[in-house]
Amino acid sequence: MLVLGLSGRGLFGNESTQTLAGFVEQTGVTFPILRNDVTYFEYAVPDGVISPFPLDVIVDQQGNIAYLRHEFDAEAMVDTIDRLLAR
Amino acid sequence: MLFAGLGLLGGCADAPNIAEVGQCRAARPECPAPVDSHVDPLRHLGRANTSEFIEITDIVADGETVYLCTGVRGLSVFDASAGAPRRLVEKVAPGNGLADGRFPRCQHVGLDADAERLVITNRGDEVQPQSWLSVFDVADPSRPRERATWVPDRGSIEGVAYEGNRIFAAMHTSGVVALTVDGDTITEVGRTLAPGTDAWKPVLRGDDLIVAEGEAGLRIYDVSGGSEPRLRATAEIEGSSRDVVLEGDRAYVATSAALTVVDIADLDAPQVLVQHSVTGTPLGVAVAAPGVVAVAEWDELRGYDVTDPSSVTQVFSEVVPTNDAFSRVLAVDAVASSGRVFGGEWTGLHQFSLEAGSGPEIGLNPGSVQFGTLAPGESDDRVLVVRNEGDEPLTVTDIVSADDVSVNETCFTVPPGGSTAVEVAFVSSSPEALQSAVRVCSDDPDEPQTEVTLSANIPGVDVGDPVPTFALQDLQGNTWGTADLQGKVTVLAYFATF
């Protein structure tokens, strides 16, 4: 089980290390935060999605996408992770 | 957090083919009969007429005057004497160049006990890198006047408490800071860095300061000395404590996945009475009526009867209605004496009235479904869970959809606290982007119809496809790439700080 945070374009371009360090302090997250992501723009965005972030993607053990949601849904994410780990 | 959404997404997707969904059918003999006498325990009185994206981050209600902190318009003020709150002031922010004129934002608002002054805070982010707090005179709520502003040397101001000439600011790992206000000057008089501090929200009562401190739990400080707060005691709470409100000898704390009740009768030995697990993610708490706590839980606005901590019961669970695709409850406050509850979402402020009613309460999960890529004629199915979070049986009278969608059940009863899984099958009619929906019809008194959006063939990487290749550095300079994912279940959380 691995969790990675990916940061790409903010409002004014890629977000600085300083801004991201402040965000980590505010939120208290402990997983690795990766900078300068560009893969975000490769994902499918259904019509009606008003918010670009968060985008949560769960990748299975074979590297395929098992879950993709533009709104945070803890219950659905836990269900997906449990299902994949049980395989 | 995401007011640039439309700009960022614009042009990413072609307009999909949108299927028409039919209307709910009249009662059918083969289906259970709906009950039409339910009264919703939380009645929606109205929504402020704000259609633009404002991101409500905090709410303080003083009788019929409601102060909002917003992510896009700084401080806003509303008159809630009628059902739908009416905006008195659209946008206020410190005038000395600290706030971004385009997107002035604030995170928290604290009102003085006499309701004549308030303080707003900004924690600093990509839009406004400098954290600040600013005092405004609101003797006339329709004309806030800036009085004084304080900028910390470093660190990030989150929640705030204000009384007389004293301000206490929660500054995450930079601790709890005591300030005094004298005319147009704010001075730091002391700061306490308790072990493991991650201060989110202080509440002042007399000379006692009660602070929700993240992973450290709930802390009690003595602030009678007029200098740095003196730590008296800590109530350790599992998870991260981010908001707190007091009622008598109790503190109600919003923690990671729970509403926590702490007995603070003995300020030197606070006791956790219960950590009640909830469905959503608690972001804010408020006392809606004696013994009833309203919690902004991101997915819904829920209320709990905490009179008997050994048996906390849910009394309401409400999706906040909105015109947008995703309704999310970001902030809450309430006026316990009148039973008025205020909920804030991305675009609007809503007023509710707490009623002595009971009824079913529908909840659908997920709120939208992506089917990935489907060739013409190909079909796939997903599970839609229909929950009943109310205290009376929920009768689903119909589930209607367009021709490209079918469901295995269209009517059933869900007991209180129960759920029913419905299989939803989507048949692709085209290689182009497709959008459809299912409409669930029920005897929920305030949501007789609720919809879930379905989509398929959306251009781009989707469920079932290989993850895009990447190799990126973390903040420590370590490189992580697609190869590191092999054999592991991985969560990729794409985010922005604004």
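Because the model is predicted, local features need pLDDT of at least 70 and side-chain atom pairs count only at pLDDT 80 or more, while totals for chains, interfaces and linings use all residues. Residues are numbered from 1 along each chain as its sequence is written, and chains are lettered from A and ligands numbered from 1 in the order in which they are written.

Chain A contains two helices and six strands, where helices (H or I, at least four residues) and strands (E, at least two) are DSSP runs numbered from the N terminus. The order of these elements from the N terminus is β-β-β-α-β-β-β-α. The C-alpha atoms of chain A occupy a box of roughly 40 × 30 × 25 Å along the principal axes, and 43% of the 87 residues of chain A count as buried, a residue being buried if 20 or more other C-beta atoms lie within 10 Å of its own, exposed if 12 or fewer, and partly exposed in between, with C-beta atoms placed from the backbone.

Between the chains, 62 residues of chain A are in contact with 64 residues of chain B, contact requiring that C-beta atoms, placed from the backbone, lie within 7 Å. Among the elements that give two or more residues to this side of chain A are strand 1 (2-7), strand 5 (55-59) and helix 2 (74-85), but helix 1 of chain A gives the most, with eight residues. Strand 5 of chain A is also joined by five bridges to strand 41 (residues 490-495) of chain B, the two running antiparallel; strands pair if DSSP finds at least two bridges between them. Within strand 41 of chain B, B:Tyr494 stands opposite A:Leu55.

The loop between strand 5 and strand 6 of chain A holds A:Asn64, which counts as exposed because it has 12 C-beta neighbours inside 10 Å. Apart from neighbours within four places in sequence, A:Asn64 is in contact with A:Val59, B:Gly464, B:Asp465 and B:Pro466.

In chain B, strand 24 (residues 292-296) is largely enclosed by the rest of the structure, since five of its five residues are buried. Antiparallel partners are strand 23 (residues 284-289), joined to strand 24 by five bridges, and strand 25 (residues 301-305), likewise joined to strand 24 by five bridges. B:Ala294 is the bridge partner of B:Ala286, and B:Gly303 in strand 25 is the bridge partner of B:Ala294.

Terms used:
Two residues are in contact if their C-beta atoms, placed from the backbone, lie within 7 Å.
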